[in-house]
Amino acid sequence: MTRAEIVRLARCVMRRPRWQLVLAVVLSAWTLAWVLGQLAHTPLTPLGVLRWTGIPLDAASLWAQERRDVLVWLATLGGLSWAATTERGQLPALAGWFAVLIAGEAAGYEHAVQRAMLSMIVFLVVLAAVSLTGRRAFVVDRVAVMPKDVMRAGITAAVLTAVVPLIAPGLAVTRLVRPYVTKPPRQLRRVEAPLLRETG
């Protein structure tokens, strides 16, 4: 996958239904604050990021930590959701991050994120191994898992998932800079019409 394709995928993140974009911005801001909160002297938990709202979240945090063994599996499901992300179906990336946030509240940032990434990588490796058996298959005859398709779909899922925490700041910067940017005129596509024969 070329750099141009990766940039195109990153731009594709903004092309989604409005309700989904609003959800993506909220989740992006929450996730980014949680990630940056790990740099603090006392690392923040996902619910710790939301304490500024004034909502009493201590009980919910304690509830999550008491159910650590169960909720940590949400990180695995989150990683599998990340792997299911496509250009036209970007909702699994958001669902995956939300699952990782819940698992992170129970088990901590490092454990939740590493577990999610590991589950995504293991899933892609298994698919890549399966695809080796179908690399000479004729797709016309039956459904096949092809190595190139697995690699392309895996990279697409990884890029679309990785940019989720950057949606909110990216959108803010874009809105701020847009009035000051001059865009070049669009080139008109050349339309080739067949020549008509003169009759007479």
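The model is predicted, so local features require pLDDT of at least 70 and side-chain atom pairs count only at pLDDT 80 or more, while totals for chains, interfaces and linings use all residues. Residues are numbered from 1 along each chain as its sequence is written, and side-chain values use heavy atoms, with hydrogens and water left out.

**Overall fold**

The protein chain contains ten helices and zero strands, where helices (H or I, at least four residues) and strands (E, at least two) are DSSP runs numbered from the N terminus. Of the 200 residues in the protein chain, 32% are buried; buried means under 20% relative accessible area, exposed over 50%, and partly exposed in between (1.4 Å probe, protein chains only). The accessible surface of the protein chain is about 14200 Å², and 65% of that belongs to carbon and sulfur atoms. Accessible areas come from the Shrake-Rupley method with a 1.4 Å probe, and for residues only the protein chains shown count as cover. Among contacts in the protein chain with a separation of 6 or more, 68% are between residues 24 or more positions apart; contact means heavy atoms within 4.5 Å.

W97 is part of helix α7 (residues 91-107). With a relative accessible area of 8%, W97 is buried. Leaving out residues up to four places away in sequence, W97 touches L27, T31, W82, T161, V164 and P165.

Q38 sits in the loop between α2 (18-36) and α3 (46-49). Its relative accessibility of 23% makes Q38 partly exposed. Apart from neighbours within four places in sequence, Q38 is in contact with P43, L44 and Y109.

**Salt bridges**

The whole structure has two salt bridges, each defined as a side-chain nitrogen of Lys or Arg within 4 Å of a carboxyl oxygen of Asp or Glu.

| Salt bridge | N to O distance |
|---|---|
| R51 and D58 | 3.3 Å |
| R67 and E66 | 3.5 Å |

In the bridge between R51 and D58, R51 is partly exposed at 40% relative accessible area, whereas D58 is exposed at 52%. In the bridge between R67 and E66, R67 is partly exposed at 34% and E66 is exposed at 57%.

**Surface patches**

Patches consist of residues with over 30% relative accessible area and no salt bridge; like charges are joined within 9 Å, and nonpolar side chains (Val, Leu, Ile, Met, Phe, Trp, Tyr) within 5 Å.

A nonpolar surface patch is formed by L118, V122, V126, V130 and V145, which together have about 400 Å² of accessible area. V145 belongs to the loop between α8 (109-131) and α9 (147-162), and is partly exposed at 31% relative accessibility.

A patch of positive charge on the surface gathers R18, R175, R178, K183 and R186. Lys and Arg count as positive and Asp and Glu as negative, while His and the chain ends are not counted; the place of a charge is taken as NZ of Lys, CZ of Arg, CG of Asp or CD of Glu. R175 is located in helix α10 (residues 167-177).
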